[in-house]
Amino acid sequence: MLRGRSLLTSQMSMSSITIPRHVAVIGAGAGGLVAARELRREGHKVVVFEKSDQIGGTWVYNPRVEPDLLGVDPKRLVVHSSLYSSLRTNLPREVMGYQDYPFLSREGKDRDPRRFPGHKEVLMYLKDFAGEFRIEEMVRFESEVVNVKLEENGREWRVKSNRRGDVDDENFDAVVVCNGHYTEPRIAEIPGIKSWPGKQIHSHNYRIPEPFQDQVVILIGSAASATDISREIAGVAKEVHIASRSAADKTCERLPGYDNMWLHSMIENAHEDGTVVFQDGSVIFADVILHCTGYHYDFPFLETNGIVTVDDNRVGPLYKHVFPPRLAPWLCFVGLPWKVVPFILFEFQCKWIAGVLSGQIKLPSQEEMAEEIKAFYSELEASGVPKRYTHDMGDYQFEYDNWLASQCGCSGVEEWRKQMYYESSKRKRAQPETYRDEWEDHDLILQAHQDFLKYT
Ligand SMILES: Cc1cc2nc3c(=O)[nH]c(=O)nc-3n(C[C@H](O)[C@H](O)[C@H](O)COP(=O)(O)OP(=O)(O)OC[C@H]3O[C@@H](n4cnc5c(N)ncnc54)[C@H](O)[C@@H]3O)c2cc1C
């Protein structure tokens, strides 16, 4: 069932009049790029603010790490991307690309034709996309948005940006926030950690395995990057101990194929003599704890007088993870949902936003949206889902995509894409070392390429 299913549906308007708006997009990652394209397609006048000097966001690999390796100091010099050097995509390229601009392998120097390519290839794809749709002409590079606030007239947003020390103010009808959410680390709470003398690092600051040579490493987490990083580190470290919330109580088992890597249930506590005790009773003298424990949403520039808050990692209240009812449609968020196929989800969200802003698509009333959100939150609470999982789409992401598509009157997620996603997720769990290079879904690949002919 679609969580937070609409009691009401917004509809395609019958109107032939499209109202162009002056829209600020914050961020030129995969979300901001497709937002810019969809908004301009709908006739809006768009300015994209990008704090770095290029497009691509997360996919711009940066070998530098932050001085605070845990990434908790709010005043630290922030490195945006959390990519590690060896990263290859965890989705097949057919699934990962935007719907109408397939992520095809291309001939050329430095291109990576693999089905699960390295991160540079994703950046090249995003650059191809930006080139094809002339996105860069809308982007103000090296312009960091430092404040977004509703003007006293209650109609316009004042966006303050900083370009190399020069502060600029400009008013917009609407603001679309696409600033990404893989930059501000979440850290595991470990009793006794303050007096533990070892080194701690968050995966946000992991780039290469060499610094872990001959070390005893405890890695916390079991999501996609934890799996990749633990295996990479095991190649150089003395021992790797993975603490996973999803491991059953009292687990302590050596992982097949490795003589130096163990899976444990969670950590019980840490001690000043350098030992770490697991819930399974094992005691490890460790050099490093590596937190692969995810990220926080953060909108340091946004001033809404408490209308939108981040509470235990729930950004809310938001209608369908996009619009805060009291400020809709003039403020909205792209890309908050996780455990998803991101690019197509962004694409559907942006089509919806563009149509709503132009008046072509109607939203329910403020009260109706608020009711719907209330029902959604109650449903989560009744099922025992903590607030921090509000944007975890679990297994209803495609239903959500299709709902968005239906609002826009466009076709939803292709059947082959869904099947391919489920297939590759299954393979990823069963064979984490080889799923990127071995597969059996050849018929789905054929269907995908047949479909791509529409766009190429
Ligand atoms: C380690 C890792 C691996 C991943 N692997 C995959 C994968 O295999 N496949 C996949 O589909 N997805 C993957 N993802 C998810 C990935 O983050 C999304 O695919 C997508 O790139 C997110 O795009 P975004 O635009 O939301 O955010 P980002 O890519 O983070 O872009 C946000 C942009 O906003 C800019 N910005 C931020 N604040 C400001 C400001 N105040 N002013 C101006 N500009 C600002 C940033 O500089 C950045 O360019 C991975 C993520 C991580 C962290």
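Select residues 366-382, helix α6. Its 17 residues reach 24 Å from the first C-alpha to the last, close to the 24 Å expected at 1.5 Å a residue. That expected span is 1.5 Å times one less than the number of residues. Helices here are DSSP runs of H or I with at least four residues, strands are runs of E with at least two, and both are numbered from the N terminus.

This is a predicted model: local features need pLDDT of at least 70, side-chain atom pairs count only at pLDDT 80 or more, and totals for chains, interfaces and linings use all residues. Residues are numbered from 1 along each chain as its sequence is written.

Stay on α6 and show side chains. Which residues of α6 are buried? They are Met369, Glu372, Ile373 and Phe376. These cover an arc of only 100 degrees around the axis, which puts them on the same side of α6. The arc is that of the directions from the helix axis to the C-beta atoms. An α-helix has 3.6 residues a turn, so residues three or four places apart point the same way. Turn to the other side of α6: Glu367, Lys374, Ser378, Glu381 and Ala382 are exposed there. Buried means that 20 or more other C-beta atoms lie within 10 Å of the residue's own, exposed means 12 or fewer, and partly exposed is in between, with C-beta atoms placed from the backbone. Just after α6, click Gly384, where phi is positive at about 75 degrees.

Next, the ligand. The shell around the ligand has 32 residues, and the closest are Gly27, Gly29, Gly31, Gly57 and Gly180. Colour α1 (30-41), β4 (143-150) and α5 (342-358): each supplies at least two residues of the shell. The largest share, three residues, comes from α1. By class, the shell has 14 nonpolar, 15 polar and three charged residues. Ala, Val, Leu, Ile, Met, Phe, Trp, Tyr, Cys and Pro count as nonpolar, Asp, Glu, Lys and Arg as charged, and the others, Gly among them, as polar.

Now the sheet. Six strands form an open sheet in the order β9-β17-β10-β11-β13-β12, with mixed pairing. Two strands pair if DSSP finds at least two bridges between them. β9 (199-202) and β12 (252-254) stand at the edges with a single partner strand each, so one side of each is left without a neighbour in the sheet. Zoom in on β10 (216-220) and β11 (239-243), which run parallel and are joined by five bridges. Val217 has Val240 in β11 as its bridge partner.

Move to the loop between β21 (314-316) and β22 (331-333), where Phe323 sits. Phe323 has 25 C-beta neighbours inside 10 Å, so it counts as buried. Draw a distance from its C-alpha to that of Val334, 11 residues apart along the chain: 9.4 Å. Pro317 lies in this loop, and the peptide bond from Gly316 to Pro317 is cis, with omega near -5 degrees. Pro329 is in the loop too, with a cis bond from Ala328 and omega of about -5 degrees.

Last, two backbone angles. Most residues other than glycine have a negative phi, and most peptide bonds are trans. Select Lys250, in the loop between β11 and β12: phi is positive, near 65 degrees. Lys250 counts as exposed, with 12 C-beta neighbours inside 10 Å. Finish at Asn305, between β19 (302-303) and β20 (309-311). Its phi is positive at about 50 degrees, and Asn305 is exposed, with 8 other C-beta atoms within 10 Å.

Technical notes. Near = placed C-beta within 6 Å.
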